Amino acid sequence: MTINYKENYSETTKGNGVHHLEVITENRQPIPFTETGYRSHFFNVEELKYYGTPVDYVKVWLEEKAKSKAWKAYKKKKNQLTLF
């Protein structure tokens, strides 16, 4: 997985920066927060202060989304063998 991070992607009128994360998986494999293996995500500076680093932010995001019913159903379906 590749994580590209751009600090202060744009400035807001209040002076708070907007950060940008770009997450790309190897061979564009699905992960809990993207079915396509690619995700572009904008967020404010306060969110990153809470999590620490961009990598920590993505780890928590993955852990939380992996708990969803949709992701669990996807994993179950993917692991189930079919004849057709």
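Student: Which residues form one aromatic cluster?
Tutor: This is a predicted model, in which local features need pLDDT of at least 70 and side-chain atom pairs count only at pLDDT 80 or more, while totals for chains, interfaces and linings use all residues. Residues are numbered from 1 along each chain as its sequence is written, and side-chain values use heavy atoms, with hydrogens and water left out. Rings of Phe, Tyr and Trp (its six-membered ring) pair if their centres lie within 6.5 Å; planes under 30 degrees apart are stacked, over 60 edge-to-face, and the rest tilted. The cluster consists of Phe33, Phe43, Tyr50, Tyr51, Tyr57 and Trp61.

Student: How many aromatic pairs does the rule give, and what type is the pair of tyrosine 50 and tyrosine 51?
Tutor: The count comes to 6 aromatic pairs. For tyrosine 50 and tyrosine 51, the centres are 4.8 Å apart and the planes stand at 90°. That angle is over 60 degrees, and the type is edge-to-face.

Student: Is tyrosine 50 buried or exposed?
Tutor: Buried means under 20% relative accessible area, exposed over 50%, and partly exposed in between (1.4 Å probe, protein chains only). Tyrosine 51, at 32%, is partly exposed. Tyrosine 50 has 68%, so the word for tyrosine 50 is exposed.

Student: What type of pair do tyrosine 57 and tryptophan 61 form?
Tutor: Both residues are in helix H2, 4 residues apart, about one turn of the helix; helices (H or I, at least four residues) and strands (E, at least two) are DSSP runs, numbered from the N terminus. Tyrosine 57 and tryptophan 61 are both buried. Their ring centres are 6.1 Å apart and the planes are at 65°, so the pair is edge-to-face.

Student: Which residues does tyrosine 57 contact, leaving aside its neighbours within four places in sequence?
Tutor: Contact means heavy atoms within 4.5 Å. With the sequence neighbours left out, the contacts of tyrosine 57 are Leu21, His41, Phe43, Glu47, Leu48 and Tyr51.

Student: Which side chain is joined to that of histidine 19 by a polar contact of 2.9 Å?
Tutor: Histidine 19 is in strand E2, and its 2% relative accessibility counts as buried. A polar contact is a pair of N or O atoms within 3.5 Å; within protein, one must be able to donate a hydrogen and the other to accept it, and residues adjacent in sequence count only if both atoms are side-chain atoms. At 2.9 Å, the partner of histidine 19 is tyrosine 5.

Student: How long is the polar contact between the side chains of serine 40 and histidine 20?
Tutor: Serine 40 is in strand E3 (residues 38-44) and, at 31% relative accessibility, is partly exposed. Not counting residues up to four places away in sequence, serine 40 touches His20 and Leu21. The polar contact between the side chains of serine 40 and histidine 20 is 2.6 Å.

Student: What is the closest N and O distance in the salt bridge of glutamate 46 and lysine 49?
Tutor: A salt bridge is a side-chain nitrogen of Lys or Arg within 4 Å of a carboxyl oxygen of Asp or Glu. Both residues lie in helix H1 (residues 45-51), 3 residues apart, about one turn of the helix. Glutamate 46 is partly exposed at 45%, and lysine 49 is exposed at 59%. Their closest N and O atoms are separated by 3.5 Å.

Student: Which residue forms a salt bridge with glutamate 64?
Tutor: The count of salt bridges comes to 2. Glutamate 64 is partly exposed, at 48% relative accessibility. With the closest N and O atoms 3.4 Å apart, its partner is lysine 67.

Student: What is the phi of asparagine 27, a residue that is not a glycine?
Tutor: Most residues other than glycine have a negative phi. Asparagine 27 lies in the loop between E2 and E3, and its 64% relative accessibility counts as exposed. Its phi is positive, about 60°.
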